[in-house]
2 protein chains.
Amino acid sequence: MNDLTRPSSLGEIGLMNYAPYLMNRIMGRYNTSLREEMVGLGLTTPKMRALAVLSVNDGLLIRELAIYAIVDPSTLSRALDQLGEGGLIRREADAADSRATRVFITDAGRVVFETLWPRMAEAHARIFKGIPEDERRAFVGTLQKMLTNIRKHEI
Amino acid sequence: MNDLTRPSSLGEIGLMNYAPYLMNRIMGRYNTSLREEMVGLGLTTPKMRALAVLSVNDGLLIRELAIYAIVDPSTLSRALDQLGEGGLIRREADAADSRATRVFITDAGRVVFETLWPRMAEAHARIFKGIPEDERRAFVGTLQKMLTNIRKHEI
DNA sequence: ACGGGATATTTGCAAACGCATTTAAATCTG
DNA sequence: CAGATTTAAATGCGTTTGCAAATATCCCGT
């Protein structure tokens with residue numbers, strides 16, 4: 001029989017039963033479905049993710065923001081330059097550690113993110129359409145376990 | 001009450017309950033955990049995905065491969081150039097439509113993908129560690145529903 | 001059979017990406 | 001407490017990416 005803990009080959013499992021493939025494909029479409037709106041707002045994926053995280057969790061260190069936003073620190077640094085130029089975020093030296101910088105979303109930044117949010121909610125709704133509430137909850141529960149499994153950082 | 005079909009704000013839901021965020025983050029780590037091995041094999045993400053799909057489903061049209069592999073056609077075209085130079089795939093004019101090209105994985109290509117596969121299986125196992133079989137099946141089942149929801153193509 | 005529009009793939013190009021390195025500051029060690 | 005090591009963020013730089021446009025071919029309606 002087929003032991004899914006140690007699948008013997010991709011062909012044997014089949015792409016359409018392979019969770020990472022399905023997840024990449026679904027996220028690929030989710031992300032591209034936001035792109036048009038993002039371009040209109042002058043956002044790239046890293047910039048959008050930074051705003052999204054900050055809208056929930058303001059004043060993070062850049063290092064922390066990079067983890068939450070799933071963006072390479074060097075890419076994030078440049079994304080923050082641009083967000084700063086546009087007045088959507090501001091950097092502030094950390095009080096305790098003068099190497100570190102905290103990032104805050106501005107009111108203008110919140111406005112931009114709130115403009116984008118309905119598109120994200122739409123894309124989310126389309127993905128979960130027809131999936132009952134308890135199944136959604138179970139799905140998110142499994143995702144949370146997975147994140148715990150692979151988490152390297154204490155975040 | 002909180003109607004998850006139309007969440008009112010990201011802050012209200014919380015990043016850690018927002019499926020697209022969790023999925024992006026998990027896939028981000030899955031993808032980077034393969035990168036080191038991929039670099040050693042001279043592969044980028046699009047090249048790896050093309051090989052993965054072809055290993056299961058050989059002889060696809062480039063157009064179809066782009067969809068399955070979740071890669072922009074222009075990016076795929078260049079990725080195939082490189083895979084072709086390395087002798088991992090070969091292009092062949094389609095018999096019925098002379099605009100179209102079919103792509104075939106070579107034996108060398110299979111060898112390369114089979115070298116990478118154990119890393120993919122490892123990453124997969126790490127993600128699903130401690131998640132029981134029935135929960136895995138339910139999770140994949142939900143993913144399949146989601147893919148159906150967002151599928152634009154008949155693929 | 002012919003012209004207009006659609007489709008498959010490739011190429012031009014500018015922006016974005018991520019690795020490796022640098023700079024600056026904190027922390028550890030003897 | 002000096003020197004070595006680690007950590008935070010920014011920058012240099014070559015590669016990759018994806019949109020738009022170009023090219024070639026097909027298909028539809030007349």
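**Strand pairing, chain contact and the DNA surface**

In chain A, strand E2 (residues 89–93) is joined to E3(A) by 5 bridges, and the two run antiparallel; strands here are DSSP runs (E) of at least two residues and helices are runs (H or I) of at least four residues, numbered from the N terminus, and two strands pair if DSSP finds at least two bridges between them. Within this pairing, A:Ala93 has A:Thr101 of E3(A) as its bridge partner. Strand E3 (residues 101–105) of chain A also pairs in the antiparallel sense with strand E1 (residues 60–61) of chain A, over 2 bridges, where A:Val103 is the bridge partner of A:Leu60.

The model is predicted, so that local features need pLDDT of at least 70 and side-chain atom pairs count only at pLDDT 80 or more, whereas totals for chains, interfaces and linings use all residues. Residues are numbered from 1 along each chain as its sequence is written, while chains are lettered from A and ligands numbered from 1 in the order in which they are written.

The contact takes 49 residues from chain A and 50 residues from chain B, with contact defined by C-beta atoms, placed from the backbone, that lie within 7 Å. On the side of chain B that touches chain A, H7(B) provides the largest share, 14 residues.

Around DNA strand C there are 24 residues, of which A:Ser74, A:Ser98, B:Arg63, B:Ser74 and B:Ser77 come nearest; a residue is near the strand if its C-beta atom, placed from the backbone, lies within 6 Å of it. To this surface H5(B) gives the most, with 5 residues.

Note on methods:
Contact = placed C-beta atoms within 7 Å.
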